[in-house]
Amino acid sequence: MTAFVPFDEVRANVAAVLRETELPPAAAQIHVIRDVWGRVRIALPESEGAAAAAFRPISEALSRRLGPRAYPTGEGVLFLDQASVETLEEAAVPLLPGVAWCERLVVGSGWWNASPTPGSGQACRYTLYSVKGGVGRSTTAAVLAQRLASKGERVLVVDLDLESPGLSASLIEPDRQPRFGVTDWFVEELTGQGSHVLDELGARPAWAQPLEGDVFVAPAHGRDPGEYLAKLGRVYVDPPRTWIAKLQKMLLGIETRFQPTTVLVESRSGLHDIAAATVCGLGAEILLFANGSRSCWTDYGILFRHWREVGVATELRRRLTLIAALTPEDRRKAHLADFREQAWNVFRDLIYDEVPSEGPTGDEFSFDIADEAAPHYPAVVLWTRGLAGSPSLRALPAPAVDKAYADVFERLPLPPGDPARADP
């Protein structure tokens, strides 16, 4: 009887089988697919059909080692057309020389890739993200929009927390709510009609009119949400890579109309596909909100470990800025000392390069715990009673904002390509 092989041990067992079994010569790279049921098989280009018999011993060995986690011997090799092979390559990571590991997922595959930052002359994008909710992302979006616009910036705020669209109604006065929102665009784009809503997707709030710059808000829904749940259930119809491409298309459409200098995207929290798109798929600078709890660091550890394993940590780590959210005033010093230590532990182990035992060479992306230029060293948002008690994001009390965000104003927004954040 085959021994039970847990999901987390499958990849190591597959690698062991392939090391122990002589691989047949193949014209193309071998792909190992773990499908949506968690079962494993070999994938080859259909042009390699004649090699099926040569791969039979490997299929038999995988079936013996993995049991139900592998396909029966006769079904253990899958032949794909060229388009399917190219799709696999988008989310492939090295397993062994000449062998790539591919996950076929129902959700979550957006965490496997990282889009490059926008080119010169394009708006600088910032994604406001957290693994946990309730850490002040919406408030920070409102504060940064007001602050940047007061300095002459043209700021676009996009509400992509579609399952909890509080920012939409909070930043735009009722009489200025636009006809359409982000959700409407995705639904209309399913039938090729997304362009019809772009001219009415968003509005300039009245509170921003006295400012030197400008603010434009693209909400999750329009003035009448209508059949919002029915629309929301269709937002994620496309496969993840296609969905990210559509998100880029929508964002570029809004940017073309408004011509912002800075874009603030409020992401959904957690490890959802839409968070993957906003964090990894927009080429944005990433503001990571954390409250310092043990569960928060555990969840960021899960995400960072995945980034390291699939090879995107090197690209994304240059864009990270940690935000210490809801920092208590009465024990600020002790709280932040613990916060920095916990953050450094996670970043050191999973994001930074390992420093050789003989000492650093100067080429490592690695930072000391007290290095204020490091991604793990947080910009601090204080919890203040005046800010917490404000009834509206449109009228946050200035003294409370200045007090709570003094450290953030000093350190943000960071210019793209800041040498302190770039790999040497």
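User: How do I read the words buried and exposed here?

Analyst: Buried means under 20% relative accessible area, exposed means over 50%, and partly exposed lies in between, with a 1.4 Å probe and protein chains only. L326 is partly exposed, because its relative accessible area is 37%. This is a predicted model, where local features need pLDDT of at least 70, side-chain atom pairs count only at pLDDT 80 or more, and totals for chains, interfaces and linings use all residues. Residues are numbered from 1 along each chain as its sequence is written, and side-chain values use heavy atoms, with hydrogens and water left out.

User: Where does L326 lie, and what is its phi?

Analyst: Here is the general idea. Most residues other than glycine have a negative phi. L326 has a positive phi of about 55° although it is not a glycine, and L326 sits in strand β11 (residues 320–328). Helices (H or I, at least four residues) and strands (E, at least two) are DSSP runs, numbered from the N terminus.

User: Where is Q259 found, and is it buried or exposed?

Analyst: Q259 belongs to the loop between α9 (240–258) and β9 (262–267). Q259 counts as exposed, because its relative accessibility is 53%. Its phi, near 55°, is also positive in a residue other than glycine.

User: How many helices and strands does the protein chain have, and how much of the chain is buried?

Analyst: The protein chain has 16 helices and 12 strands. Of its 424 residues, 53% count as buried.

User: Which residues of helix α1 are buried?

Analyst: An α-helix has 3.6 residues a turn, so residues three or four places apart point the same way. In helix α1 (residues 10–20), the buried residues are V10, N13, V14, A15, A16, V17 and L18. Their cover includes β1 (30–34), β2 (40–45), α2 (56–66), β4 (92–96) and β5 (99–103).

User: Which residues does V14 touch?

Analyst: Contact means heavy atoms within 4.5 Å. Leaving aside residues up to four places away in sequence, V14 touches V32, V40, L62, L66, L95 and W101.

User: Which residues of the largest nonpolar core touch the most other members?

Analyst: A nonpolar core is a set of buried Ala, Val, Leu, Ile, Met, Phe, Trp, Tyr and Cys residues joined through side-chain atoms within 4.5 Å. The largest one has 63 residues, and V14, W111 and W307 touch the most other members. Apart from it lies another core of 39 residues, including Y126, A141, A145 and V157.
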